[in-house]
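Biologist: Could you show me the chain, so that we can go through its parts one question at a time?

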Amino acid sequence: MAGKAELHRQPFTVYGQSGSGNCHKVTFVANLLSIPFTWTEIDSTTGQTRTPAFLAINPAGQVPCVVLADGRVLSQSNAIMLYLAEGSRLIPEDRFDRAQMYQWLFWEQYSHEPTIAVRRARKVFGKVKEEDIDPKLMESGTRALELMQKHLAGAEGGYFVGATLTLADIALVAYTRLAHEGGFDLVKYPAVLAWVKRVCGDLGVEYTGPV
């Protein structure tokens, strides 16, 4: 196991966009586990993910993607996190706890990111006026936050899976900590807000939203 874990700690290159929560996930995990990396800024809003040079690296034309020390390329933020964190404390050893972590990773990409992150993108990057944003995004995002509130309010350990930080928390905090930029008021969800502050503290990142 030690040898396998060591492979995941070799320097790698991240192609990412600074304003992207999905890209933040990769750096959160790398920094937490002291894995060295080089950051290459790619701005999707100006078409840099569609250039021939970038498409040669990631044909899907998305960030984040990483180029590992041996030249292999990996994309999709949660897949990258799983690769980097294999053999670490961020992935539960217990089979059921590990399945619960996967459950939240899948839910984050299917129900959380497409609502909270997309609404934020409309406002922050698209500069779309509030009245012109699809109201279904607020409705869906609110449902996501309500589910998180209910889960965390009953979680004895204060995290999404058990009593310690896992990849589930890192995946979900990436955009939840920025939800206010999309018009969501985290003060309405006290358990979520407390969790955001706790996880940001664990990761050593600043939380600048409502308190």
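Biologist: How far apart are the end C-alpha atoms over residues 10–92?

Modeller: This is a predicted model, and the UniProt record, in an unreviewed entry, gives residues 10–92 the annotation "domain: GST N-terminal". Over that stretch the chain is 33% helix and 19% strand, and its end C-alpha atoms are separated by 22 Å.

Biologist: In what order do the four strands of the open sheet lie?

Modeller: Strands of a sheet can pair either parallel or antiparallel, through backbone hydrogen bonds. Here the pairing is mixed, and the open sheet has the order E2-E1-E3-E4. Each edge strand pairs on one side only, and these edge strands are E2 (37–41) and E4 (73–75).

Biologist: Which residue in E3 does Tyr15 stand opposite?

Modeller: Strand E1, which spans residues 12–16, runs antiparallel to strand E3, residues 65–67, and three bridges join them. Within this pairing, the residue of E3 that stands opposite Tyr15 is Cys65.

Biologist: What angle does the direction of helix H4 make with that of E4?

Modeller: Helix H2, residues 21–32, lies across E1, E2 and E3 and runs at about 165 degrees to E2. Helix H4, residues 77–85, also packs on the sheet, where it touches E1, E3 and E4, and its direction makes with that of E4 an angle of about 125 degrees.

Biologist: What percentage of the chain is strand over residues 94–211?

Modeller: UniProt, again in an unreviewed entry, places the feature "domain: GST C-terminal" at residues 94–211. There the end C-alpha atoms are 34 Å apart, and while the chain is 62% helix, its strand content is 0%.

Methods:
Residues are numbered from 1 along each chain as its sequence is written. This is a predicted model: local features need pLDDT of at least 70, side-chain atom pairs count only at pLDDT 80 or more; totals for chains, interfaces and linings use all residues. Side-chain values use heavy atoms; hydrogens and water are left out. Two strands pair if DSSP finds at least two bridges between them. Helices (H or I, at least four residues) and strands (E, at least two) are DSSP runs, numbered from the N terminus. Contact means heavy atoms within 4.5 Å. Axes are lines fitted to C-alpha atoms, for helices over the stretch in contact, and angles run from 0 to 180 degrees between N-to-C directions. UniProt positions are given in the numbering used here, feature names are shortened, and annotations may be inferred rather than shown by experiment.
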